[in-house]
Amino acid sequence: MKMAPMEVPYVRSCDITDCDYNRRKQCHAIAVTIGDGDNPRCDTFWMAAAAKRKAGDPAQIGRVGACRVGQCQYNHRLQCGAEGIMVGRKEGDALCLTFNTEH
């Protein structure tokens with residue numbers, strides 16, 4: 001039986017303004033990867049301060065390409081099932097603030 005394709009959620013907001021993909025608190029990476037097992041870190045975060053450049057496509061709004069945090073309630077086969085995510089700084093890391101372990 002064929003499954004319906006999953007809707008890929010948007011990065012609704014990102015407070016990590018020093019990321020090269022961030023413009024005006026909006027992510028412009030075509031797809032971000034979240035997590036490394038237990039930590040919902042935005043693994044796409046990139047800062048090349050010396051270059052002062054911006055990355056990504058300014059015409060695109062970032063989406064969640066993969067989520068590797070299995071215990072999140074929105075994780076379905078390493079894909080995010082949330083309607084959208086928010087990324088922000090917590091304890092010095094760029095984290096998915098939508099991450100939630102309550103099922």
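Is R63 buried, exposed or partly exposed, and what is the relative accessible area of R63?

A: This is a predicted model, in which local features need pLDDT of at least 70, side-chain atom pairs count only at pLDDT 80 or more, and totals for chains, interfaces and linings use all residues. Residues are numbered from 1 along each chain as its sequence is written, and side-chain values use heavy atoms, with hydrogens and water left out.

R63 is partly exposed, with a relative accessible area of 22%. Here buried means under 20% relative accessible area, exposed means over 50%, and partly exposed lies in between (1.4 Å probe, protein chains only).

The side chain of R63 forms a salt bridge with that of E7, at 3.7 Å from N to O. A salt bridge is a side-chain nitrogen of Lys or Arg within 4 Å of a carboxyl oxygen of Asp or Glu. R63 lies in strand β5 (residues 63–67) and E7 in the segment before β1 (10–14), so the pair ties together parts that are 56 residues apart in sequence. Strands (E, at least two residues) and helices (H or I, at least four) are DSSP runs, numbered from the N terminus. E7 counts as exposed, at 60% relative accessibility.

The model has 7 salt bridges by this rule. Another one of them joins D36 and R41, at 2.4 Å from N to O. D36 is partly exposed at 39%, and R41 is partly exposed at 25%. R41 also meets D43 in a salt bridge of 3.7 Å, N to O, and D43 is partly exposed at 31%. Through shared partners, salt bridges join D36, R41, D43, R68 and D93 into one network.

R63 is also among the residues in contact with V32, neighbours within four places in sequence being left aside. Contact means heavy atoms within 4.5 Å. Other contacts of V32 include V11, C27, C42 and V64.

V32 belongs to the largest nonpolar core, which has 18 residues; V11, V32, I34, I85 and V87 touch the most other members. Such a core is a set of buried Ala, Val, Leu, Ile, Met, Phe, Trp, Tyr and Cys residues joined through side-chain atoms within 4.5 Å. β1, β4 (31–34), β5, β8 (84–90) and β9 (93–96) each supply at least two residues of this core. In soluble globular proteins, nonpolar side chains tend to be buried together.
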